[in-house]
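Work through the exercises below with the sequence and the model at hand. Each task is followed by a solution in steps.

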Amino acid sequence: MTTQEITKVQELIYTTRVETVMATNVVVVDPSMTMGEVKRLMQEKRISGAPVMRGDTMVGIVSMTDVLDVTEQGLLGDPVTRHMTREVKTILKDSSVLEAVSNLDRQGFARLPVVDQNGRLVGIVTTGTMIRALLREMDISFQKKEAEKLQSYRARHIFQDIVSDDTSVILRFVVAEKDFDNAGKAASAIKKSLQRLGVIPSIVRRVAVAVYEAEMNLVIHTDVGGVITVDVRSRRIKINAVDHGPGIEDVVKVLQPGYSTAPEWIRDMGFGAGMGLANIKRCADVMKLLSGPGSGTRLDIEFLLDNDGSGGRMDASKKT
Amino acid sequence: MTIREVIEVLSGQILVDNHELDNDVPMGGAADLMSDVLAFGTEGMVLMTGLTNPQTVRTAEMAGIEVVVFVRDKTPPPETIALARDLGITLIRTGYTMYEACGRLYNAGLPGRGLVKIENNSW
Ligand SMILES: Nc1ncnc2c1ncn2[C@@H]1O[C@H](COP(=O)(O)OP(=O)(O)O)[C@@H](O)[C@H]1O
Ligand SMILES: [Mg+2]
């Protein structure tokens, strides 16, 4: 286990509530049962202890140890109420796993009935149920997320670790025309990189949407492809998408939602709704489109990063 | 609504399983145009679509959508499945049409995002 995972286990023990790790299908014993009946029940249900319940009230708890004792003494015909433990230590369902663990081992209890605020029995925890639940929390997907977090932690520090008056990380992507198998890969890589660099999620999403639209335009509307450059600085992200393709005649008209020159087959693929540039404009803090017929196209967009996360503008994801 | 309930309401079938079925989805949306998804899609929503090409999954990734439902029993090509596996997106298939899939989910209590206005790009 790496150090990171150990801290994660500790964190889970502190932050996970008993309620989420307890077994809820509690096998209970009726006070009218004999120790012999309790023994059979435990064997059948494969449990090592059970609360003794008179209706909704817990009157005691009986364990396999009690059963073994009376078996030796030949007292299996005795009522369970004669051999059960009457002082039952319980735990609130809102307590932390840490509290349950310390009660279990310090006080020598093998199991703790879990109760709600009204003292009603809602579950039971044993060391086994807790270990299983914690292991479940630590599963593969979880570890993946942790690894991702660790990588992003390292990447995020670049702006502090590397000293200059203005540090910037530059990413370049070559986008091929009409290559629909790879279309979107640049946007995907940019999204992941920005996450690692610690850019806040709402801005990452805006950048991802804008870059993806820009990338699709290079794929769909040019015959030569183009290049996307991302310049990440501590306070802002500047992106440009440049191509030497056919260019645009009317740079005002193309910004209107719904305007598109995309052919039918592109529409069949789900593109060419004419929303791309409008989408980009909406996502970005600054947008500039430079183009003319026959002279290629250059799209410049900029995103402002504020440490408070407001990004200097209304957060697009909050408008929903 | 949980993903499990979405599947039940749609008599759906999981094609790529990347989420706990008890996870909640806050709302639903439908589109066959990827720019619509990028414009009106919201983080975490379930996307109903008739498009099955890999770009559908790409678009979902960019829009922060993690559950995609293919309507009319459309089977996506292997590239779409592979990309969804890679990107952690859950794919579901239903025999209902777009209209009915949406209607059933809405009826069962899964909300949409309400009115949207697109004049002067300010939606
Ligand atoms: N890089 C580009 N080169 C040439 N034309 C472009 C480029 N990007 C956009 N356009 C033109 O602008 C129009 C609108 O673009 P957009 O809003 O992204 O919608 P869509 O891509 O769905 O057509 C396109 O249909 C196309 O005519
Ligand atoms: Mg476009």
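Predicted model: local features only at pLDDT ≥ 70, side-chain atom pairs only at ≥ 80, totals over all residues.

**Exercise 1. A charged pair across the contact**

Determine how many salt bridges there are between chain A and chain B, and which residue forms a salt bridge with Glu43(B).

Solution. Step 1: the count between the two chains is one salt bridge. Step 2: name the partners. Arg205(A) pairs with Glu43(B), and their closest N and O atoms are 3.1 Å apart. Step 3: apply the cut-off. A salt bridge requires the nitrogen and the carboxyl oxygen to be within 4 Å, so a pair at 3.1 Å qualifies. Step 4: link this to the first exercise. Arg205(A) is also one of the residues of chain A that lose the most area to chain B.

**Exercise 2. A helix of chain B**

Decide whether helix α3 (residues 54–63) of chain B is largely enclosed or open, and say why.

Solution. Step 1: list the buried residues. They are Pro54(B), Gln55(B), Thr56(B), Val57(B), Arg58(B), Thr59(B), Ala60(B), Glu61(B), Met62(B) and Ala63(B). Step 2: draw the conclusion. Ten of the ten residues of α3(B) are buried, so the helix is largely enclosed by the rest of the structure. Step 3: check what follows the helix. Gly64(B) comes after α3(B), and its phi is positive, near 75°.

**Exercise 3. The cavity**

Describe the largest cavity by its volume, its lining residues and their classes.

Solution. Step 1: there is one cavity of 30 Å³ or more, and the largest cavity holds about 30 Å³ of space. Step 2: its lining consists of Ala210(A), Val211(A), Ala214(A), Ile239(A), Asn240(A), Ala241(A), Leu299(A) and Ile301(A). The elements giving two or more residues to the lining are α11 (201–221), β8 (236–243) and β10 (297–304) of chain A. Step 4: sort by class. The lining has seven nonpolar residues, one polar residue and no charged residues.

How values were computed. Residues numbered from 1 in each chain as written. Chains lettered and ligands numbered in written order. Heavy atoms only, no water. Buried < 20%, exposed > 50% of the residue type's maximum accessible area, 1.4 Å probe, protein only. Helix = DSSP H or I, 4+ residues; strand = E, 2+ residues; numbered from the N terminus. 1 Å grid on protein atoms, 1.4 Å probe; cavity = no way out; pocket = protein on both sides within 12 Å on 5 of 7 lines; lining within 4 Å. Points joined across faces, edges and corners; volume = space filled by probe spheres on them. Nonpolar A, V, L, I, M, F, W, Y, C, P; charged D, E, K, R; others polar. Buried area = accessible area lost by both parts, 1.4 Å probe. Salt bridge = Lys/Arg side-chain N within 4 Å of Asp/Glu carboxyl O.
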